[in-house]
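Keep the viewer open while reading.

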Amino acid sequence: MTIEQTSCDRGHHNCPSPPSAPQWLVSLRSQDELRIALQHPIDILDLKEPRKGPLAAAPAELWHAAIAMTADLPQSPRLSAALGESQESLRIASDLPAEFAFAKMGPSDSVSMDRLCHTWDRVRSELAPSIQFVAVAYADHTAASCPDPVTIFRAASRAGIQRCLIDTFVKDGKSTLDHLNRDQITELAETARAQSSWWALAGSVGVRHFPVLSQWNIVPDCIGVRGDVCDQDRTSELSPQRMRDWSAAMARSFRPAD
Ligand SMILES: O=C[C@H](O)COP(=O)(O)O
């Protein structure tokens with residue numbers, strides 16, 4: 001999908017149509033949650049264990065269950081796995097089944113871009129060739145002791161990584177849009193576009209942010225969510241009602257992807 005930037009202010013009568021829909025990624029931690037998620041038009045089922053950290057890996061049993069549950073679907077969402085931060089990723093990357101489309105690793109404690117690139121190389125070399133590696137940046141990069149998001153997005157492209165995701169490291173309710181202002185998120189979006197990267201916006205993103213994104217003319221290629229589709233915080237269960245709310249909000253706020 002191409003990034004479409006529009007000057008459309010949807011509240012304005014001259015607005016021709018809402019922007020093209022970003023893909024929708026939902027992070028899931030159990031088979032029950034997978035069953036709920038599969039009732040919605042999700043593009044990417046992202047498996048992780050939110051009780052163990054922002055990008056902690058789900059157990060391998062869930063990886064295999066997700067493959068079995070989606071194998072025969074006519075329009076199967078693609079599978080993504082969080083592999084944890086660097087040490088956990090290095091340990092488990094080679095176990096990820098080739099049926100997965102994406103794998104991502106948290107950059108915390110990498111301190112320098114050189115070190116993070118080195119870890120990316122090592123993790124990528126462990127993945128099945130068909131799995132696309134997603135470079136993750138943290139909006140609260142100082143707390144995560146890693147390079148800033150634009151530096152990570154640029155380095156990813158230089159390293160031949162075409163997919164980037166921005167998330168938050170500390171899950172205290174502060175979103176990526178609290179950590180980064182309009183200019184900073186615009187710079188990220190423009191960086192991604194200039195280097196033809198696909199980019200996903202995550203990090204305590206909620207339906208409440210859709211009007212802000214519209215006002216800022218930001219349309220990521222994908223929006224990722226966990227906490228805002230749960231009963232309470234992101235460690236609680238996936239909420240069927242909140243999933244319905246997100247489905248409706250995505251359909252209302254964006255026109256179908258081209
Ligand atoms: O990859 C996306 C994340 O799981 C988003 O989680 P969050 O919405 O709880 O920050």
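## Strand E1 and its partners

Strand E1 pairs with strand E8 (residues 222-225) in the parallel sense, over 4 bridges. Strands pair if DSSP finds at least two bridges between them. Helices (H or I, at least four residues) and strands (E, at least two) are DSSP runs, numbered from the N terminus. The bridge partner of Trp 24 in E8 is Ile 223.

E1 also runs parallel to strand E2 (residues 44-47), again joined by 4 bridges. Here Val 26 stands opposite Leu 45. The chain passes from E1 through helix H1 (residues 31-37) to E2 in a right-handed β-α-β crossover. Right-handed means that, with the strands pointing away from the viewer, the path from the first strand over the helix to the second runs clockwise.

## Model basis

The model is predicted: local features need pLDDT of at least 70, side-chain atom pairs count only at pLDDT 80 or more, and totals for chains, interfaces and linings use all residues. Residues are numbered from 1 along each chain as its sequence is written.

## Burial of E1

E1 (residues 23-28) is largely enclosed by the rest of the structure, because 6 of its 6 residues are buried. Buried means 20 or more other C-beta atoms within 10 Å of the residue's own, exposed 12 or fewer, partly exposed in between; C-beta atoms are placed from the backbone. In a regular strand the side chains alternate between the two faces of the sheet. Gln 23, Leu 25 and Ser 27 cover one side of E1, and Trp 24, Val 26 and Leu 28 the other.

## Ala 68

Ala 68 lies in helix H2 (residues 60-70). Ala 68 counts as exposed because it has 10 C-beta neighbours inside 10 Å.
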